[in-house]
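Let's ask what backs them up here.

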Amino acid sequence: MSTERMRVKTLLVALLVAASFASAPLSVPGQKTSPVAPSRQQVEAVVREAYDKFRSDTSGKNADYIPYLAQVDSKLFGVAVVTTDNQTLSLGDIDYSFSIQSISKVYTLALAMQELGADKVFQRIGSEPTGRAFNSVPAVVEMPTHTGNPLVNAGAIATTSLISGGNADEKWNKILNFYSKAAGEKLTLIDEVYKSEAATNAGNKALSMLLAKYERIYADPFESVDIYTKQCSVGVNVVQLARMGATLANNGVNPKTGEQVIKREDIPYILATMTMAGLYDGSGGWAWHVGLPAKSGVGGGIVAIAPGKGAIAVFGPRLDEAGNSVKAQKVIEYVARKLDYNIYSPSSVGLKGTRQQP
Ligand code: DON
């Protein structure tokens, strides 16, 4: 490419990035829901730094056990932050709809708790780390609860089976509608992802039959797997995903619509579950290094929650061995450290003199 064309291309990219920030809704300057939330300028600067630092990272590889995901362009990269006072910052491939995959499990858990109450969900699913891969069969056999927790495949399929409805379509529409309320926009199924996954999900069907053997699934096993497969195939872009996260950060109230989507009293249970298992067998290292409740999906998304402040969502399809987006982990770790988001750090709630070293 000639130097002149490269200069024009760089200028265009810079303009697009600037336009993406400029189009974000600005609240009254200085108005913040949380007294310890960083300013918009701080967040903007740090998110830009992280975006530039990691945009050419090529480590990890796309999920390939779902054929559709193997074909997604691995270079796609988007970052979004939505704050509890509804400010939005976004960079990169922000309009691309990727499949939400396992991040959906968090919102089906929230819906199940809304319908049954937290105690019943805890009894029927449990909340213990499996220490194994997200689709582990031995975990189902060996764990006393069999279901493990609502964020591994077995526990998530069982959680989906708790959702009530006259038939499968009613249950599915209720789930999709609930996700849409959390996102503050109508979400839809990516049909190609659903078809690709439905044709290759014998492993999840096997998990559901094992759960049936232990009487730890609460509706027809294959119907539950099918609804679960649909929920994993819902499309989101990074801004929608960050807003779903911000709804959790904002005590269950969607910061855009003002609607109480998730019950306020369920938020601590959900965030605790995300901390314990949101990144599967990578959750311990994540808690150590980042200290934020988060959830990943094999579609390449991760959303992390800074309670009372907001959420950051990152999309990058290349995954590590545990099934977590490599780029998303790096960006979120960088941003969380720079902005003192770690919930275990006393400075995250305003104590002076305790700031983490970046
Ligand atoms: O059931 C599956 O295997 C996928 N639909 C979801 C797995 C997933 O996203 C694990 N995430 N990191």
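What follows is a set of questions and answers on this predicted model.

Q: What makes strand 1 count as largely enclosed?
A: Buried means under 20% relative accessible area. In strand 1 (residues 78-83), 6 of the 6 residues are buried, so the strand is largely enclosed by the rest of the structure. Both faces take part: G78, A80 and V82 point one way, V79, V81 and T83 point the other way, and all are buried.

Q: How do you know that strand 1 pairs with strand 2?
A: Pairing takes at least two bridges. Strand 1 and strand 2 (residues 88-92) are joined by 5 bridges and run antiparallel, so the pair passes the cut-off of at least two.

Q: What lies between strand 1 and strand 2 in their hairpin?
A: There are 4 residues between them, and N86 in that turn has a positive phi of about 65°.

Q: How many bridges join strand 1 to strand 8?
A: The count is 6, with strand 8 (residues 310-315) running antiparallel to strand 1. Here V81 stands opposite I312. Again the cut-off is at least two bridges, so these strands pair.

Q: Why are strand 3 and strand 4 called edge strands?
A: Start with the sheet: it is an open one of 3 strands, in the order 3-5-4, with antiparallel pairing. Strand 3 (98-99) and strand 4 (188-189) each pair on one side only, and that puts them at the edges.

Q: What makes strand 4 and strand 5 a pair?
A: The rule asks for at least two bridges. Strand 4 and strand 5 (residues 234-236) have 2 bridges and run antiparallel. In this stretch L189 stands opposite V234 of strand 5.

Q: How do you know that the length of helix 11 agrees with its residue count?
A: The expected span is 1.5 Å times one less than the number of residues. For the 12 residues of helix 11 (residues 221-232) that should give 16 Å, and the end C-alpha atoms are 16 Å apart, so the two agree.

Q: Why is helix 11 called largely enclosed?
A: Because 9 of its 12 residues are buried. Among them are P221, V225, Y228 and K230. At the start of the helix, a side-chain oxygen of D220 reaches to within 3.3 Å of the backbone nitrogen of F222.

Q: Why is K205 called partly exposed?
A: Buried stops under 20% and exposed starts over 50%. K205 has a relative accessible area of 31%, so it is partly exposed. K205 lies in helix 10 (residues 202-213).

Notes. Residues numbered from 1 in each chain as written. Predicted model: local features only at pLDDT ≥ 70, side-chain atom pairs only at ≥ 80, totals over all residues. Heavy atoms only, no water. Buried < 20%, exposed > 50% of the residue type's maximum accessible area, 1.4 Å probe, protein only. Polar contact = N/O pair within 3.5 Å; in protein donor to acceptor, adjacent residues only side chain to side chain.
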